[in-house]
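I am opening a notebook page on a structure, and I want to write down what I look up in the order in which I look. Sequence and model come before my notes.

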Amino acid sequence: SKFWFKNIYIGLGVAFRMFFIYFSFPFLTITLYQFYNYIDVSLKKYPSAAATPTGPDLNPPNSLALSVVGFVFVLVWLLVLLFFNLKYILYKKNFYQKKIYSSLSVILIYGFIYNSYKPNKLYFVPFQSLLIFLKALVISLVQKSGLAQIVLLALLEILDLFSILIIQPNYAKTGKNINSIIMSVFKIVVLCFNVAFLSQLD
């Protein structure tokens, strides 16, 4: 039975790694944009609750269902990360923080979130989660102003870059600090190149 439980924990860990690490940013961006776009189009059709429709419904037939399902998954993403960060990272008592290095189930399920961070730099985990969510919000919700979008994303990337440079949250031997710094620099350069595509400059 322990073998089966271990396999379940490993399976959950792989699923969580896909959902919270590899696909979290595109998932959050697309889902939040879908939800925002549905509300925006609906408000244009119904300016007020008592108003009659002012034009055709421009939302695709399944947009409401997609928006609701996406919103539920975003809530799951937020709640699971909030649960982990509050219980194992931000909770003042050391009992739960010790479990992330001693409990097999916690290591197998959540280890991918924190295994490269130094034990005294675990507060960087909620910080990175917040940055991912804020970047997704900027891309998906600030659609009407390309300039504001680029400026906000650049500020978040600069914050990310300097936080890694100053805090050095990862173990040096993993090389993740250097990789993260290089990626942040490339992201800032790409954002600068995007200025050329701004309609405000035409």
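**Entry 1: the elements.** I start with the term I need for counting: helices (H or I, at least four residues) and strands (E, at least two) are DSSP runs, numbered from the N terminus. With that rule I looked up the secondary structure of the chain and found eight helices and zero strands, so written from the N terminus on the elements read α-α-α-α-α-α-α-α.

**Entry 2: what kind of model this is.** I note that this is a predicted model, in which local features need pLDDT of at least 70 and side-chain atom pairs count only at pLDDT 80 or more, while totals for chains, interfaces and linings use all residues. Residues are numbered from 1 along each chain as its sequence is written, and side-chain values use heavy atoms, with hydrogens and water left out. The score called pLDDT is the predictor's confidence in each residue, from 0 to 100. I looked up its average over the chain, which is 81, and 84% of the residues score at least 70. Among the elements, helix 7 has the highest mean pLDDT (92), whereas helix 4 (residues 94–102) has the lowest (74).

**Entry 3: the chain as a whole.** I call a residue buried under 20% relative accessible area, exposed over 50%, and partly exposed in between (1.4 Å probe, protein chains only). By this rule 32% of the 202 residues of the chain count as buried. The accessible area comes from the Shrake-Rupley method with a 1.4 Å probe, and for residues only the protein chains shown count as cover. The chain exposes about 12,800 Å², of which carbon and sulfur atoms supply 73%. I also looked at contacts (heavy atoms within 4.5 Å). Among those in the chain with a separation of 6 or more, 65% are between residues 24 or more positions apart.

**Entry 4: salt bridges.** How many salt bridges does a search of the whole structure find? Taking a salt bridge as a side-chain nitrogen of Lys or Arg within 4 Å of a carboxyl oxygen of Asp or Glu, I found two. In one of them the side chains of K135 and E157 meet, with N to O at 3.0 Å. K135 lies in helix 6 (residues 124–141) and E157 in helix 7 (residues 146–167), so this pair ties together parts that are 22 residues apart in sequence. In the other, D160 pairs with K135, and their closest N and O atoms are 3.6 Å apart. This pair also links distant parts of the chain, since D160 is in helix 7 and K135 in helix 6, 25 residues apart. K135, E157 and D160 are thus linked in a network of salt bridges. Are these residues buried or exposed? K135 counts as buried because its relative accessibility is 9%, D160 is buried because its relative accessible area is 5%, and E157 is buried as well.

**Entry 5: helix 6 and its neighbor.** Helix 6 has 18 residues and reaches 25 Å from its first C-alpha to its last, close to the 26 Å expected, where the expected span is 1.5 Å times one less than the number of residues. Its buried residues include F124, L131, F133 and V138. I then looked up Q149, which lies in helix 7 and is buried, with a relative accessible area of 18%. Not counting residues up to four places away in sequence, Q149 touches V138, I139, V142 and Q143.

**Entry 6: helix 3.** The 28 residues of helix 3 (residues 63–90) should span 40 Å, and its end C-alpha atoms are 37 Å apart, which agrees. Among its buried residues are G70, V74, W77, L81 and F84. An α-helix has 3.6 residues a turn, so residues three or four places apart point the same way.

Entry 7: F35 is found in helix 2 (residues 24–45) and counts as partly exposed, at 29% relative accessibility. Leaving aside residues up to four places away in sequence, F35 touches S67 and F71. The C-alpha atoms of F35 and L66 are separated by 8.2 Å, although the two are 31 residues apart along the chain.
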